[in-house]
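Please examine the sequence and the three-dimensional structure shown below. The paragraphs that follow lead through the fold step by step.

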Amino acid sequence: MKNRVTLLLALLLTTISFAQDDWQTYKQDNYSINYPAHWEYSAKKPQPSIQFILFSEETSQAKDLFRENINLTLENLNGQSFSLESYIKLALEQVKIQIPSAKIISNTQIKLGVKNAKEIIWTADLGNGMLLKFKQVFTLHEASAYVLTFTSTITDYDAYITDATKILYSFKFNK
């Protein structure tokens with residue numbers, strides 16, 4: 001029995017070690033994030049506030065023409081005094097104005113490293129059959145708001161949420 005437990009433990013540790021070797025780290029001056037090697041980092045900025053985008057493998061878009069992704073949006077709060085709650089309230093109001101079909105599924109207090117954060121999960125019908133699900137993590141740091149967003153089709157969300165959550169929760173501030 002002891003041999004089986006020892007063998008099982010060794011196999012589990014080996015599996016964890018190999019799984020972590022397939023991950024890469026993207027580092028900036030004040031933050032870093034880990035992501036699977038089969039995901040693709042892009043510095044292309046479709047909007048000035050987006051710092052980076054991580055794309056799932058290209059094959060993810062074969063069925064639905066949508067590539068799951070995670071991005072980081074950074075907003076300088078320009079000396080405005082926001083609590084995390086007041087920032088989230090404003091952000092959700094903006095989402096509802098821009099995307100009237102948005103439906104909030106959950107709004108949960110979490111920790112992102114040592115920082116207080118909020119995790120919001122919501123869905124939206126963007127028209128043309130594009131039904132998306134979002135998992136966002138919000139935190140405030142040094143007079144800026146950091147918003148990490150995982151975006152997926154509703155049908156593929158469950159297939160990607162485990163890796164997406166690991167990616168989101170790996171985000172940390174270096175300073």
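Of the 175 residues in the protein chain, 42% are buried, where buried means under 20% relative accessible area with a 1.4 Å probe, counting protein chains only. The model is predicted, so local features need pLDDT of at least 70 and side-chain atom pairs count only at pLDDT 80 or more, while totals for chains, interfaces and linings use all residues. Residues are numbered from 1 along each chain as its sequence is written, and side-chain values use heavy atoms, leaving out hydrogens and water.

The protein chain contains three helices and ten strands; these are DSSP runs of at least four residues (H or I) for helices and at least two (E) for strands, numbered from the N terminus. From that end, their order is α-β-β-β-β-β-α-β-β-β-β-α-β.

Seven of the strands build an open, antiparallel sheet in the order E3-E4-E5-E9-E8-E7-E6; two strands pair if DSSP finds at least two bridges between them. Strands E3 (40-42) and E6 (103-112) each have a single partner strand, so one side of each lacks a neighbour in the sheet. The twist averages 20° from one strand to the next.

How do the helices lie? Helix H2 (residues 84-98) lies across strands including E7, to which it runs at about 10°. Helix H3 (residues 157-170) also lies across several strands, among them E9, at about 160° to that strand. Axes are lines fitted to C-alpha atoms, for helices over the stretch in contact (heavy atoms within 4.5 Å), and angles run from 0 to 180 degrees between N-to-C directions.

Key:
Buried means under 20% relative accessible area, exposed over 50%, partly exposed in between (1.4 Å probe, protein chains only).
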